[in-house]
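Open the structure in your viewer and keep the selection tool ready. We will go stop by stop.

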Amino acid sequence: MSGNIQLLSDTLAASKAEGRAALIAYLPAGFPTVDGGIEAIKAAFDGGADIVEVGLPHSDPVLDGPVIQTADDIALRGGVKIADVMRTVRETHAATGKPVLVMTYWNPIDRYGVERFTAELAEAGGAGCILPDLPVQEAGLWREHAEKHGLATVFVVAPSSKDARLAEITKVGTGFVYAASLMGVTGTRASVGAQAQDLVERTRATTDTPVCVGLGVSNAQQAAEVARFADGVIVGSAFVKGMLDAPDDAAGVEAVRVLAGELAKGVRGQA
């Protein structure tokens, strides 16, 4: 069975045709529970997200700040497994028809088996994977199986990436390029800054693949700012924080829906 890389590409193209950036939400699987995480992702789509990244909880999430680390810890203590991540992808895609990716570090895939992981992700209806710690030069095995199963391979670029390195990454990445707006870990920031726009412009000089910006976007105004120069706006910590701060799981799901609605207005210039 083939994965949904084409759905991902079509979704990004449709947003561009509307003259706006796509809204991409990130939520970890298994948080606060597997069922609760599935409901939260559906709520993100209901609120206006175009694409969702499902985080595969990891004990050493090097790109993630304290908010997402807290959610990952809750999920891991709850016993979340890769099978639960696949179920999360399957049920949220089936319920919405929207593109769902997995964001994961390399070690869990390596231990699980690349062929097994890609085959199961495609069977679940997944659109691909974001792999923040997989170097391009070591990605041959992953790319081979991802291509075979119709999955996007999304690499992360950073403000420190030199132009030659950007070209090396964008030459082999598919789906979109994840542009980290700043050096550091995920988390809400007071401003996203000019670094992000410079990185998008330098990345676009090397590829026609959409460039989406993450790290630091937490409200509609910031989403609108980033949407003016990026193809997609990625928001994670703000969603997770809303769930962590909620008095109960139902309120957490509603917080996700409301924030997605506000951010959807932001990327449309209606904030």
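A disulfide is a pair of cysteine sulfur atoms within 2.5 Å. Keep that cut-off in mind for the first stop. Remember too that you are looking at a predicted model.

**Stop 1: two cysteines**

Select Cys212 and show its sulfur. The closest cysteine sulfur belongs to Cys129 and is 16 Å away, too far for a bond. Now select Cys129. Its closest cysteine sulfur is that of Cys212, again at 16 Å and too far for a bond. How many disulfides does a search of the whole structure find? The search finds 0.

Are these cysteines buried or exposed? Cys129 has 0% relative accessibility, so Cys129 counts as buried. Cys212 is also at 0%, and Cys212 counts as buried too.

**Stop 2: helix α6**

Select residues 114–123, which form helix α6. Colour Val114, Phe117, Thr118, Leu121 and Ala122, because these residues are buried. Look at α6 end-on. An α-helix has 3.6 residues a turn, so residues three or four places apart point the same way.

Next, show what the buried residues of α6 pack against. Two of the partners are strands, β3 (100–103) and β4 (128–130). The helices among the partners are α4 (82–96), α5 (106–112) and α7 (140–148).

Step just past the end of α6 to Gly125. Gly125 takes a positive phi of about 90°.

**Stop 3: the largest pocket**

Select some of the lining residues, including Leu56, His58, Val85, Asn107, Arg111 and Tyr112. By class, the lining of this largest pocket has 8 nonpolar, 2 polar and 2 charged residues.

**Stop 4: the second largest pocket**

Move on to the second largest pocket, with about 210 Å³ of space. It is lined by 16 residues. Select Lys16, Arg204, Asp208, Pro210 and Asp231, which are the closest to its centre. Helix α1 (residues 5–17) gives the largest share of this lining, 4 residues. The lining divides into 7 nonpolar, 4 polar and 5 charged residues.

**Stop 5: an enclosed space**

Hide the surface and look inside. The count comes to 2 cavities of 30 Å³ or more. Visit the second largest cavity, which holds about 50 Å³ of space. Which residues line it? Among them are Tyr26, Gly55, Asp64, Asp72, Met103 and Pro132. Its lining has 5 nonpolar, 2 polar and 2 charged residues. Leu56 is one of the residues lining this cavity, and Leu56 also lines the largest pocket.

**Stop 6: Lys42**

Finish at Lys42, in helix α2 (residues 34–47). Lys42 is partly exposed, with a relative accessible area of 23%. Leaving aside residues up to four places away in sequence, what does Lys42 touch? Select Glu91, Thr92 and Ala95 to see its contacts.

Key. Residues numbered from 1 in each chain as written. Predicted model: local features only at pLDDT ≥ 70, side-chain atom pairs only at ≥ 80, totals over all residues. Heavy atoms only, no water. Buried < 20%, exposed > 50% of the residue type's maximum accessible area, 1.4 Å probe, protein only. Contact = heavy atoms within 4.5 Å. 1 Å grid on protein atoms, 1.4 Å probe; cavity = no way out; pocket = protein on both sides within 12 Å on 5 of 7 lines; lining within 4 Å. Points joined across faces, edges and corners; volume = space filled by probe spheres on them. Nonpolar A, V, L, I, M, F, W, Y, C, P; charged D, E, K, R; others polar.
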